[in-house]
Amino acid sequence: IWGRDNGDETLDISAGSFLELTYQVEVTAPMPGGGEIANQAFVDWTSLEALSGFERDGDGCPTITPPDDYCFGPAIATGTSPPIPPPAALLKENTQATAAVGEAFVYRLTLPSAPYSFPQYDVRVSDDLLGAVADLRLLSVAKISGSEPWTPVNTGTPGAPVIEDTTIGIDIPAGEQIVLELTVVLEDTPTNVTGLAFTNTATYVYNWLDGNDASQRPGQAGTSPPMTIVGPDVVTVEKSGPAGMTLGTPGAFTLNVHNTGSGPAWNLAVIDQVPDGPTGGTCDVAPSVLAVQVFEADGVTPVSGVLAAGTDYALDFRPAPDCELGLTMLLVAVGADERLIVSYETSLDFDTQDAAALTNVAGATEWFSADGTNPGAADRRTFARVLTDGTVGTLDHEDAHSVMVALPKLAFEKTVTNLTTGESPAASATPGDTLRYRLYVENLAAVAIADFAVNDELDRLNAPPVFEPGTLALVTVPAGADASGTSATAGV
């Protein structure tokens, strides 16, 4: 109150002049959410300096209307600022569209989502991860941007984190925004099934006055877009190889491991049970791995280069009595709808019997939903399978392949013609006669024989020697054969 009703102070306005009062106020009880605060000013006056029954009094006559407008009030203030709006909502964003159980991923929070014309003090963010459809846990929080020297910490729990700075407070100057990143993990719980879509909401509060919790106001919440849980729930294995094998000739086999799930399969372990039994097997010598590589679903388009043993995967052969070839992926995951193709060679044991049927079972026995080196690895999901008989005819985590053993069956004929006498086949010869020998070998087995060799030592059976040294000459040899070991002296 200024003027006549305030002690002896008198405010007079001469004709044609005006009175201007400027004053400052402090809001001591802020309206929640930035609501409008109303304020009105009233004036009264008299028309004469001294008391008189004829004076006009401007006090307490609100019903008087023009032209008898000698009662004025309330006064209308012009040029004032509009009511202060609340800040824009918190913005919560996904940094990826999908996540696997045990995979650490990041939520990005921007406060506010649009610059605000007034400062916000002592900001505190609450993220109710326990309230999400999925089971989540906070791993860490990081400051990405903000001009003030605050450091965010979690003063809540991993399931219900509260992010603040308990020392100086998280302050957002007028016209600025801050960005936080929350690293969380999907826990290995029955709730977190593959295909589950979930969102998460964060809220925040701030102080209108720095350090004054009585001036605290709620900010508007922000909800993340839907995210979907993915996982390598189904891995299938197909084993292929030759229909038959023979001694001395390696057989080439292939393991085709297909991740038909929606997420990558990490640290995939494959076991091939190499046959070994009373009729033979392929266990005496460790298989030789030819190539390990990841391909797209078509099995032709490479996803990776040829992988290296000891770096990209670990290889282990356990001889009898186990007779198992084990391969475990180390650094490379088999992605969703990708194939791991392993090719190797193995040879028959020397005690393998003819016509034996040798069967080996192979399959994927273990894999994981997330990388074992990521911060959330303790929560990654384990997929474990047991090998049985290979379940031939059913596309699942295992398969079996059988080969028939066909040992070499050779028809060997050796005939001689006496070129001097013309006798064929020759039954006799005299010193000085020229003899021509013919060696004929026929493979009667159903499989080819690789690296076949014939050795004929001329005087091995004769004592004393009867062939003239230096007279040996090859007439014909099979195409592509190597005859460089021939000795014209007929010696060993």
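## Overall build

Of the chain's 492 residues, 35% count as buried. The model is a predicted one. It contains 29 strands and zero helices. Among contacts with a separation of 6 or more, 68% join residues 24 or more positions apart. The accessible surface is about 27,700 Å², and carbon and sulfur atoms hold 54% of that area.

## Second largest pocket

Two or more lining residues come from each of β28 (410-418) and β29 (435-443), with β29 giving the largest share at seven. The lining divides into 28 nonpolar, twelve polar and nine charged residues.

## Cavities

Three cavities of 30 Å³ or more are found in the whole structure. Strands β24 (338-346), β25 (357-368) and β27 (398-405) supply at least two lining residues each, and β27 gives the most, with three. Six of the residues lining the largest cavity are nonpolar and five are polar, with no charged residues.

The second largest cavity holds about 50 Å³. Leu 255, Val 270, Val 289, Leu 315, Leu 325, Gly 326, Leu 327 and Val 342 form its lining. Strand β23 (residues 324-329) contributes the most to this lining, with three residues. By class, the lining of the second largest cavity has seven nonpolar residues, one polar residue and no charged ones.

Definitions and conventions:
Residues are numbered from 1 along each chain as its sequence is written. This is a predicted model: local features need pLDDT of at least 70, side-chain atom pairs count only at pLDDT 80 or more; totals for chains, interfaces and linings use all residues. Side-chain values use heavy atoms; hydrogens and water are left out. Helices (H or I, at least four residues) and strands (E, at least two) are DSSP runs, numbered from the N terminus. Buried means under 20% relative accessible area, exposed over 50%, partly exposed in between (1.4 Å probe, protein chains only). Contact means heavy atoms within 4.5 Å. Accessible areas come from the Shrake-Rupley method with a 1.4 Å probe; for residues, only the protein chains shown count as cover. Ala, Val, Leu, Ile, Met, Phe, Trp, Tyr, Cys and Pro count as nonpolar, Asp, Glu, Lys and Arg as charged, and the others, Gly among them, as polar. On a 1 Å grid over the protein atoms alone, a cavity is a set of points where a 1.4 Å probe fits but cannot get out, and a pocket is an open set with protein on both sides within 12 Å along at least five of seven lines; lining residues have an atom within 4 Å of a point. Grid points are joined across faces, edges and corners, and a volume is the space filled by probe spheres set on the points.
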